[in-house]
Each structure stands twice: as C-alpha cells, then as structure tokens.
Amino acid sequence: MQSTSADSLPPSPTHELDNNSEPILQTSTDSPTPSPTSDVGNSTGIVRDVILWKRKSYSVGALLAATTIWLALEVYGLTFITLGSWIAMFVIAFIFLWGNIHMLLGKEPLDMSRMYISDESALEADTKLREWVEKSARLLFSVSAEREWFVFAGTVASLDLLSVLANHFDLLTLLYIGVLVGLTLPVVYVRYEDRIKELGQRLRGRSHTYYSAVTERCHTYYSTVAERCRTYYKIMAERAKKMKSNLQEKKMKKTE
C-alpha cells in the first residue's frame with residue numbers, strides 16, 4: 001500500500017520550475033546589452049598623453065589645429081566669430097554625412113545621447129582650478145616675502161621677459177607660442193631629465209657662489225664706506241667745534 005501511494009503522488013511543481021527555468025535564462029542572455037556611456041569630462045589622461053606625445057595622432061592634430069587657427073586669425077585676418085562659424089559648420093556637416101553613410105551601409109546610427117559630463121569630472125575640474133588659483137596666489141606672496149635672492153630675481157626676470165615679449169607680440173601669437181612650448185618642452189624634459197637636472201644643479205651652484213661673492217664684496221664696500229663716513233663726520237665735527245671756539249674767543253675779545 002505504501003508503494004502504490006508513493007507512485008500515485010503528483011509531480012512536485014519544483015521540477016516544472018526547474019525545467020522551465022532554462023529557457024528563461026537563455027532568453028535573458030540573448031537580450032542585447034546596453035552600450036557603455038562615455039564621460040566627456042574625464043580627459044586628464046588624454047591631455048597628459050597629448051602633451052607627452054604618447055598619442056601621436058592627437059598631438060599632431062592639436063599642433064595642426066593651433067597652427068591653422070593662428071594662420072587664419074593672424075595671417076589671413078579672419079575674425080574669431082567667422083572662424084568659429086566655419087568650424088561649427090564643418091563639424092555639423094561631417095557628423096551629418098557620417099550618420100547618413102552609416103545608415104546607407106546598414107550600420108547602427110550614431111548615438112550621441114550617451115555622451116555626458118559626469119559630476120565627478122566636473123568636481124575634479126573645479127577642484128583643480130581652485131588648487132591652481134590657490135597655488136598661484138601662494139607663489140606670488142611667497143616670492144614677495146622670500147629671503148632667497150635667486151628665487152626673487154628669477155621671478156622678476158621672467159615677468160620682465162614676458163612684458164618685453166608682450167610689447168612685440170599680440171595675445172594670439174603668445175598663446176600660439178605657449179601651445180608650441182607646451183607640446184615641446186615636456187617631451188624634451190622627460191627624455192633628457194637627468195641631464196637637465198644636472199645642468200640645473202650646476203647653474204644653481206654657480207649662481208650661489210656668485211651671489212655669495214657679490215654679497216661679500218658689497219658688505220666690504222659698505223663697511224669701508226661706513227668707516228670713511230664716520231671718519232669724515234668726526235673730522236667735520238672737530239672742525240665745527242674749533243670754529244665755534246674761535247668765534248667765541250673773537251666775541252670775548254671784542255667785548256673786552
């Protein structure tokens with residue numbers, strides 16, 4: 001009786017669920033995954049790679065773009081609004097043609113809705129800008145209150161050189177020179193870092209020796225000048241006393 005009762009039991013619903021779970025899992029795996037989003041604001045690594053020429057195509061593109069903008073504005077005399085309008089028209093036409101070619105070839109159209117600027121990248125840019133402003137202000141006050149003559153003289157000389165360059169070049173040319181320097185000096189410094197540091201230490205040592213020699217000479221000169229002034233003051237004071245005594249004697253003689 002027990003065997004017949006055990007055979008007559010209905011199948012458990014768990015087996016049905018287990019059998020039906022496989023196609024459910026298969027259908028879930030067949031669903032398309034969403035395309036990843038791209039953060040436009042997170043570009044610190046790209047800027048570093050462009051400056052150090054790790055991405056040569058981006059570096060060459062930045063150099064060509066800066067050169068074309070400088071030639072268009074400075075040589076050909078175009079205005080900034082005209083050049084900006086032409087660049088915007090070129091970008092819009094390029095994206096329009098690119099999207100239509102993708103659609104004609106049966107590919108997926110361009111989805112620009114997933115490009116965004118995240119809160120983290122915006123906060124990072126804000127903090128970097130604030131740190132840069134604070135560092136520049138601290139550097140200004142520290143150089144003005146610094147006791148080292150070498151730092152003060154270097155800062156004043158660099159500002160003087162910048163003012164001389166500003167008299168001969170306009171702002172656009174200075175910005176273009178800044179771009180060229182920013183794309184060349186970091187690479188040269190990274191490649192020849194040891195030699196540049198060694199040369200800088202030599203120049204710093206020589207400048208300190210020259211500074212100490214000049215300060216010693218100035219100190220000796222000031223001491224000699226001070227001693228001469230003291231001797232002249234003593235001589236003049238003695239002469240003044242003698243003149244006073246002579247005048248008093250003459251007055252006494254006249255009264256007598």
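1. Terms and basis. Buried stands for under 20% relative accessible area, exposed for over 50%, and partly exposed for what lies in between, with a 1.4 Å probe and protein chains only. The model is a predicted one, in which local features need pLDDT of at least 70 and side-chain atom pairs count only at pLDDT 80 or more, while totals for chains, interfaces and linings use all residues. Residues are numbered from 1 along each chain as its sequence is written, and side-chain values use heavy atoms, with hydrogens and water left out.

2. Overall make-up. The protein has 9 helices and 2 strands, where helices (H or I, at least four residues) and strands (E, at least two) are DSSP runs numbered from the N terminus. Along the sequence these elements follow the order α-α-β-α-α-α-β-α-α-α-α. Of the 256 residues, 7% count as buried.

3. The structure contains 5 salt bridges, a salt bridge being a side-chain nitrogen of Lys or Arg within 4 Å of a carboxyl oxygen of Asp or Glu. One of them joins E124 to K128, with the closest N and O atoms 3.4 Å apart; both residues belong to helix α6 (residues 119–144), where they are 4 residues apart, about one turn of the helix. E124 counts as partly exposed because its relative accessibility is 31%, and K128 counts as partly exposed because its value is 39%. A salt bridge also links the side chains of E134 and R130, at 3.3 Å from N to O. These two residues are 4 residues apart in helix α6, so about one helical turn separates them. E134 is partly exposed at a relative accessible area of 32%, and R130 is partly exposed at 43%.

4. E198 and R202 form a salt bridge in which the closest N and O atoms are 3.1 Å apart. Because they are 4 residues apart in helix α9 (residues 193–255), about one helical turn lies between E198 and R202.

5. The side chain of S207 reaches the backbone oxygen of R204 at 2.7 Å. This can be read as a polar contact, that is, a pair of N or O atoms within 3.5 Å; within protein, one atom must be able to donate a hydrogen and the other to accept it, and residues adjacent in sequence count only if both atoms are side-chain atoms.

6. Cysteines. The structure holds 0 disulfides, a disulfide being a pair of cysteine sulfur atoms within 2.5 Å. C218 is partly exposed, with a relative accessible area of 32%, and C229 counts as partly exposed at 46% relative accessibility.

7. The nonpolar patch. I69, I87, F90, V91, F94, I95 and W98 make a nonpolar surface patch of about 670 Å². Patches consist of residues with over 30% relative accessible area and no salt bridge, like charges being joined within 9 Å and nonpolar side chains (Val, Leu, Ile, Met, Phe, Trp, Tyr) within 5 Å; the areas come from the Shrake-Rupley method with a 1.4 Å probe, and for residues only the protein chains shown count as cover. Helix α5 (residues 80–104) gives the most to this patch, with 6 residues. I69 lies in helix α4 (residues 56–75) and, at 34% relative accessibility, counts as partly exposed.

8. Rings of Phe, Tyr and Trp (its six-membered ring) pair if their centres lie within 6.5 Å, with planes under 30 degrees apart counted as stacked, over 60 as edge-to-face and the rest as tilted. The structure holds 4 aromatic pairs. In one of them, the rings of F90 and F94 have centres 6.5 Å apart and planes at 20°, so this pair is stacked. The rings of F94 and W98 have centres 5.9 Å apart and planes at 40°, so that pair is tilted. F90 and F94 are 4 residues apart in helix α5, about one helical turn, and F94 and W98 likewise lie 4 residues apart in helix α5, about one turn of the helix. F90 is exposed, with a relative accessible area of 59%, while W98 counts as partly exposed at 41% relative accessibility.
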